[in-house]
Amino acid sequence: MKLKKHQIVVLHVVLLLGLALLVVKYVEEIKTLKEDVYYAVQAARNPETVVEPVSLRPVKINGDEWFVDHPLIYHAGGAIDGGSYTNSVEAVENTLREGNRFIELDFRYTSDQQLICNHDWRDVFLEDRELTLEEFTASKIQGKFTPLTAEHLIEIMREHPDMYLVTDVKDEGCIDSVITDLVALAGEDASVLDRFIIQLYTGREKLSIQEIYPFGDEQFLFTIYNWGRWSLEVPQICNEENISVITVPYGEIPDEDVALIRELGFTVYEHTVNRADEARKSLERGISGFYTDFLQSADLEP
């Protein structure tokens with residue numbers, strides 16, 4: 001029997017509605033299929049680095065976490081008078097004065113085991129020589145900036161209740177002791193410690209840190225600079241540890257991986273980005289934010 005024109009139209013509409021219902025019903029299965037195809041292609045290209053597709057799953061976030069709408073983190077306290085990597089009192093105060101609240105600082109121990117903010121001993125002297133606390137506080141960072149101790153940092157955080165601290169532990173294997181000392185200096189004060197964001201380096205340190213103090217899952221991120229080059233094992237570990245934020249060097253993640261992990265709900269920061277054009281390019285391809293010395297929010301606008 002030959003169908004009339006209006007019957008054909010109705011049939012097409014019914015078929016399209018049926019397909020739409022199938023898509024809605026099987027959205028997760030379709031997503032899994034897409035990931036399977038993606039992994040098959042990646043495995044052919046890089047068989048030694050690709051993890052199994054079943055090892056990745058979507059990240060669960062509430063939408064009110066700090067990383068949802070704060071794309072800039074100020075690296076080593078932020079730039080000051082043309083200087084970077086200072087971790088100095090002046091750098092932190094200048095960043096706060098400019099209205100920026102998310103500050104990354106480097107931590108290490110003096111030769112007499114006192115916790116300070118310092119990226120590299122060569123920031124104090126040209127030679128790589130450890131200092132005592134007394135020597136450190138009597139010196140000038142890069143010849144002109146005031147050194148910052150962990151104790152002084154906690155005082156600054158109390159004075160600025162909207163400041164958030166991103167920790168970067170420079171002494172290898174010392175993350176537990178650094179966090180223990182910071183918690184003690186803060187007197188286990190939740191009003192301070194709830195503003196800590198702790199960088200992890202192997203993805204396996206989180207549980208031991210939460211035994212020191214009950215930091216929330218949203219207070220951790222995984223940075224890969226000690227890990228090695230990017231691989232899909234990184235989001236796999238973050239899934240296992242319930243970590244939503246990953247930081248990588250600029251341009252480290254290929255576009256297809258950015259698209260995949262963004263679809264899974266991960267937030268990705270790049271470091272250290274000081275050019276507005278590079279930042280905007282990364283935003284266009286799905287990167288969420290940056291560690292920077294001096295970029296401002298206006299620099300990210302198209």
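Okay, ground rules. What we have is a predicted model, so to speak of local features I need pLDDT of at least 70, side-chain atom pairs count only at pLDDT 80 or more, and totals for chains, interfaces and linings use all residues. Residues are numbered from 1 along each chain as its sequence is written, and side-chain values use heavy atoms, with hydrogens and water left out.

Let's start with the strands, which, like helices, are DSSP runs numbered from the N terminus (helices are H or I, at least four residues; strands are E, at least two). Strand S9, residues 267–271, is mostly covered, with five of its five residues buried. Buried here means under 20% relative accessible area, exposed means over 50%, and partly exposed is in between, with a 1.4 Å probe and protein chains only. Thr267, Tyr269 and His271 point one way from S9, while Val268 and Glu270 point the other way.

Who sits beside S9? Strand S8, residues 245–249, runs parallel to S9 and is joined to it by five bridges; for strands to pair, DSSP has to find at least two bridges between them. Thr247 has Tyr269 as its bridge partner in S9. S9 also pairs with S10 in the parallel sense, over two bridges, and there Tyr269 stands opposite Gly289. Carry on from S10 and you get to S1: three bridges, parallel again, with Leu72 opposite Phe290. In S10, residues 289–292, Gly289 and Tyr291 point one way and Phe290 and Thr292 the other, and all are buried.

Now look at Val245, in strand S8. Val245 is buried, at 0% relative accessibility. Leaving out neighbours within four places in sequence, its contacts (heavy atoms within 4.5 Å) include Trp66, Phe67, Phe222 and Tyr269. Val245 and Val59 are 186 residues apart in sequence but 9.7 Å apart in space, C-alpha to C-alpha.

That brings us to the rings. Rings of Phe, Tyr and Trp (its six-membered ring) pair if their centres lie within 6.5 Å; planes under 30 degrees apart are stacked, over 60 edge-to-face, the rest tilted. The count comes to eleven aromatic pairs. Take Trp66 and Phe102: their centres are 5.7 Å apart and their planes at 25°, so they're stacked. Trp66 lies in the loop between helix H2 (27–45) and S1, and Phe102 in strand S2, so this pair ties together parts 36 residues apart in sequence. Both Trp66 and Phe102 are buried. Phe222 and Trp227, by contrast, are edge-to-face, at 5.8 Å centre to centre and 80° between the planes. Phe222 is buried at 0%, whereas Trp227 is partly exposed at 28%. And ring pairs link Trp66, Phe67, Phe102, Tyr164, Tyr269 and Tyr291 into a cluster.

Quick stop at helix H3, residues 89–97. Its buried residues are Val89, Ala91, Val92, Asn94, Thr95 and Leu96. Among the elements covering them are strands S1 (72–74) and S2 (102–109), and helix H5 (150–159). After H3 comes Gly99, with a positive phi near 90°.
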